[in-house]
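Subject: Structure for you to look at

Hello,

Here is the structure I promised you. Please open it beside this email and follow along. My notes come after it.

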Amino acid sequence: MKAKAVVFGVIVLSFLTFSLVGIGCGKYRGSPFSSDILRGERDLNLSAVASLGDPEADGIIRIAIIADPHQNYKDLEDAISTLKRVTDVDFLVNLGDITNSSYNMEYDQYLRSHSLIGVPSFVVAGNHDMLGAGPAIFNKVFGTSNLFFETNSYRFILFNSANLETPENFHPDWLLSIVQASTKPVMIFSHIPLDDKERFHGDVKAKFTQIVQDSRVKAVMNGHNHAYLLRYDSGTVLLQVPRVEGNQWVVLEVQAGQYQIINQAGVVVPWQNFKP
Ligand SMILES: [Fe+2]
């Protein structure tokens, strides 16, 4: 009888502990480490390509760029609502780290905010999104993490740079080939900067240098480091987008071989020529 009471007590305690953990961390199906998610969105990056229309119809491409919203979904929703009020963007690119630990419930939580954006929206894979079941969830929800699409005048490439977390989805040769095959100027979106000294060495570093210095590549955007930074390499614009925090975002406007950078405070870089 005493043994039965102990077993019953353990079961009740386990149930309570599991319930409290579940309540504290949000809802999930099965285990937070599985690739099962509650939201029904699938192939969102491909859907964004399909709904892009002609962003150049009015002569200016306006690209909203945000980064690293992990653990900051409230600020993400503030950024989305400000972006909607302040500027009329053609499409949005989220430079990744939408989760902290690639848990399915974090993907579910991010997707609730993503659904509010209201313009074609792309997500780049971040290193935090590529842990455990992350690659499987990402593929399910957004489609392949290496993708390119074109408007009339530009080729845009989304590149999975999480070499340490998902080597099976890290393809520098693919990036180089897609750049070299382009008949249009190119812009690249990567979570990690392509000149990250801690991650990219030897052949990979050489390929990324070749890519950044290619005459076709006009701009490379990255997140990961959480702070705004504008640099140039051989005339290529290297734009590091700040973390979504306290309503931070960037809009890159592109018109006739020129670019302008705007953020939540106004124009940061007035119209400049891209490298020839
Ligand atoms: Fe990161």
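First, a term: two strands pair if DSSP finds at least two bridges between them. Helices (H or I, at least four residues) and strands (E, at least two) are DSSP runs, numbered from the N terminus.

Now the ground rules. Residues are numbered from 1 along each chain as its sequence is written. This is a predicted model, so local features need pLDDT of at least 70, side-chain atom pairs count only at pLDDT 80 or more, and totals for chains, interfaces and linings use all residues.

**Confidence**

pLDDT is the predictor's confidence in each residue, from 0 to 100. The chain has a mean pLDDT of 90. Of its residues, 89% reach 70 or more. Residues 1-25 are another matter: pLDDT stays under 50 there. For that stretch the model has three contacts beyond four places in sequence. A contact means that the C-beta atoms of two residues, placed from the backbone, lie within 7 Å.

**One sheet**

Strands of a sheet pair through backbone hydrogen bonds, either parallel or antiparallel. Here, six strands form an open sheet with mixed pairing. Their order is β3-β2-β1-β10-β11-β12. At the edges are β3 (121-123) and β12 (266-273), and each pairs on one side only. Neighbouring strands are turned by 20° against each other on average, direction ignored. For angles, axes are lines fitted to C-alpha atoms, for helices over the stretch in contact, and the values run from 0 to 180 degrees between N-to-C directions.

Strand β2 (residues 91-94) runs parallel to β3, and three bridges join them. L92 has S121 in β3 as its bridge partner.

Then go to the other end. β10 (residues 250-255) and β11 (residues 258-263) are antiparallel, with six bridges. V254 is bridged to Y259 in β11. Two residues lie between the strands of this hairpin, and A256 takes a positive phi near 45°. β11 also pairs with β12, again in the antiparallel sense, over five bridges. That pair is a hairpin too, with two residues between the strands. N263 stands opposite G266 in β12.

**Another sheet**

Six strands form an open, mixed sheet in the order β4-β5-β6-β7-β9-β8. Its edge strands, β4 (147-150) and β8 (229-233), each pair on one side only. The twist averages 15° from one strand to the next. Inside this sheet, β6 (residues 186-190) and β7 (residues 217-222) pair in the parallel sense over five bridges. F189 has M221 in β7 as its bridge partner.

Helix α6 (residues 172-180) packs on this sheet and touches β4, β5 (155-159), β6 and β7. The direction of α6 makes about 180° with that of β5. Helix α7 (residues 202-213) lies across β7, β8 and β9 (236-240). It runs at about 125° to β7.

**A helix pair**

How far apart are the axes of α3 and α4? Helix α3 (residues 73-86) and helix α4 (residues 104-114) pack with their axes 9 Å apart, at an angle of about 15°. They are therefore roughly parallel to each other (angles under 35 degrees count as roughly parallel). Y73, L76, E77 and I80 in α3 meet Q109, Y110 and S113 in α4. These contact residues divide into four nonpolar, two polar and one charged. Nonpolar covers Ala, Val, Leu, Ile, Met, Phe, Trp, Tyr, Cys and Pro; charged covers Asp, Glu, Lys and Arg; the others, Gly among them, are polar.

Best wishes

How values were computed:
Angles under 35 degrees count as roughly parallel, over 145 as roughly antiparallel, 65 to 115 as roughly perpendicular and the rest as oblique.
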